[in-house]
Amino acid sequence: MNANRTWDELAVGDEASTRRVCAANDLYVFAHASGNLNPMHLPGRDEDHDGRDDAVAPSMWVGALVSAVLGNLLPGPGTLYRGQTFRFLSRVHVGDELTIRVRVKEKRAKPCVVLDTSVSLADGTLVADGVAEVDAPVVKLTFPPHEIPELLVERHQQFDRMIAMCRDLEPVPTAVVAPEDKNSLGGAILGFEAGLCVPILIGAKARILDCARQLGADISRLEIVDIEDEHEAAARGVAMVHEGRARAVMKGAIHSDELLEHVVKKDGGLRVGRRISHVFVMDCPGVPHPLIISDAAINIAPDLETKVSIVQNAIDVALSLGMEKPRVGILSAVETVNPAMPSTLDAAVLSKMAERGQIKGGVVDGPLAMDNAIDMEAARTKGITSLVAGRAQVLIAPNIESANMLAKELTFLAHAEGAGLVVGARVPVIMTSRADNDKSRLASCALALLYDYWRREGRPHALLATKAAAE
């Protein structure tokens, strides 16, 4: 139980302090609560392109932290403000750790108390100081620790960072197959304008130009390879990879199976001795890292050998995003091995294969149910001790139905965004959907660029690695 300090109990020199890290969510919440929409105070500003958010926390948000110490610690519950002065001497940014202190300076006529207040950065830099005049509580109160409902307004910060961190990379030449509708051509143009890709448009020139006119887009700087037949366009896109003209392929208004037929063909395709698989990278509000899900689009009922490729492909994508030793949870309905449930047997074998070095680059554990894969309390309740349980960054589903439902549930119920990529081939294949919004299309292009960089350089983008290590 916690207790307040009444006016009678307080003495000059009494003090209390707490710490707080400024999060992007704090700035959104303050903007909603105060109505202050000054763009200087909203996340997403990275003027010097260092991957760090340059938004400045509102000074009155900093001041509100003093109120929290007064109301929670000293004097504590029952305290009411009479007045507060502030001098703001420095600025606070997202990620800064603050120390907030109050100290009793003077006791006046009951119940009035005067306190010195200060807020400083972790290195001791003084952010703000001032004087608070309050009515201290006169009745002793004890109260249990309690939590208020979580409020999440921060959305899709992972994709914003991914896209921002591509700014200093050369855009990847991309063969776009049959960009003959507004969605597919629009996605390629978005990627081009953001500096993520250089599209080579392969398809019926007349239809491509007509779509550009409907979009009001100028594509005069883009190369168009005029091929009427979709199959021939797909074959030409794959051939451009072999010629060194393209380092990625993007799906346009062509069925996925028709494009992948040319990607996986034995003669002239893009196979590299591993099964290809689809990877969703999800940006889920409230999750501090990208969440990777596989395979939701290609392998319908994968056997164990196929699952080995699926896991390795997903780990490779995680590594390209700067995750060192990504934590991979092999999902099933239960977290115990059950011979009557084949997915649990596969999960156990995959875990052992990773332990023996047959799957490389990640920490793999399973079987895990969804709850104890991503929630520490659920894992503790089940008595699971694991480097992965409760902290999974990669989720491998037992089949295409479960993976697809999981990704779509996150999208439509949890308001996540998804970027899709087919990996395991010579180059990444960007698989956008007509239902994808602009952010998802941009993130898919950014994902392909970062994956291409990782494959060529043998390391992730330096800023992504730094960010992942911090998480």
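How are α8 and α9 oriented to each other? I began with this pair, working in a predicted model where local features need pLDDT of at least 70 and side-chain atom pairs count only at pLDDT 80 or more, while totals for chains, interfaces and linings use all residues. I kept the numbering that starts from 1 along each chain as its sequence is written, and side-chain values use heavy atoms, with hydrogens and water left out.

**Entry 1: α8 with α9**

I took helices (H or I, at least four residues) and strands (E, at least two) as DSSP runs, numbered from the N terminus. Helix α8 covers residues 304-320 and helix α9 residues 342-355, and I find them packed at an angle of about 55° with their axes 10 Å apart. The axes are lines fitted to C-alpha atoms, for helices over the stretch in contact, and the angles run from 0 to 180 degrees between N-to-C directions. Angles under 35 degrees count as roughly parallel, over 145 as roughly antiparallel, 65 to 115 as roughly perpendicular and the rest as oblique; α8 and α9 are therefore oblique to each other.

For contacts I used heavy atoms within 4.5 Å. On the α8 side I listed Leu304, Lys307, Val308 and Val311, which meet Ser343, Asp346, Val349, Leu350 and Met353 of α9. Sorted by class, this contact has six nonpolar, one polar and two charged residues, where Ala, Val, Leu, Ile, Met, Phe, Trp, Tyr, Cys and Pro count as nonpolar, Asp, Glu, Lys and Arg as charged, and the others, Gly among them, as polar.

**Entry 2: α8 with α13**

I then followed α8 to α13, where the axes come within 9 Å and cross at roughly 95°, which makes α8 roughly perpendicular to α13. Here Asp316, Val317, Leu319 and Ser320 of α8 meet Leu447, Leu450, Tyr451 and Trp454 of α13, and by class I count six nonpolar, one polar and one charged residues in the contact.

Next I looked up burial, with buried meaning under 20% relative accessible area, exposed over 50% and partly exposed in between (1.4 Å probe, protein chains only). Helix α3, residues 157-164, is mostly covered, since six of its eight residues are buried, and I noted these as Gln157, Gln158, Phe159, Met162, Ile163 and Ala164. Their cover includes α1 (24-34), β12 (277-283), β17 (417-423) and α13 (438-457). Turning to α1, I find Ala24, Asn25, Asp26, Leu27, Phe30 and Ala31 buried, packing against β2 (15-21), α2 (59-72) and α3. Just after α1, I noted that Gly35 takes a positive phi of about 80°.

I looked at Thr174 in strand β8, residues 172-177, and it counts as buried at 0% relative accessibility. Leaving out residues up to four places away in sequence, I find Thr174 touching Cys197, Val198, Pro199, Ile200, Ala248, Val249, Met250 and Ile430.

Ala234 lies in helix α6, residues 230-242, and is likewise buried at 0% relative accessibility. Its C-alpha atom is separated by 5.7 Å from that of Val177, 57 residues apart along the chain.

**Entry 3: cysteines**

Finally, I searched the whole structure for disulfides and found zero, a disulfide being a pair of cysteine sulfur atoms within 2.5 Å. The sulfur of Cys284 is too far for a bond, because the closest cysteine sulfur, in Cys166, is 19 Å away. I also noted that Cys284 is buried at 5% relative accessibility, and that Cys22 is buried with a relative accessible area of 1%.
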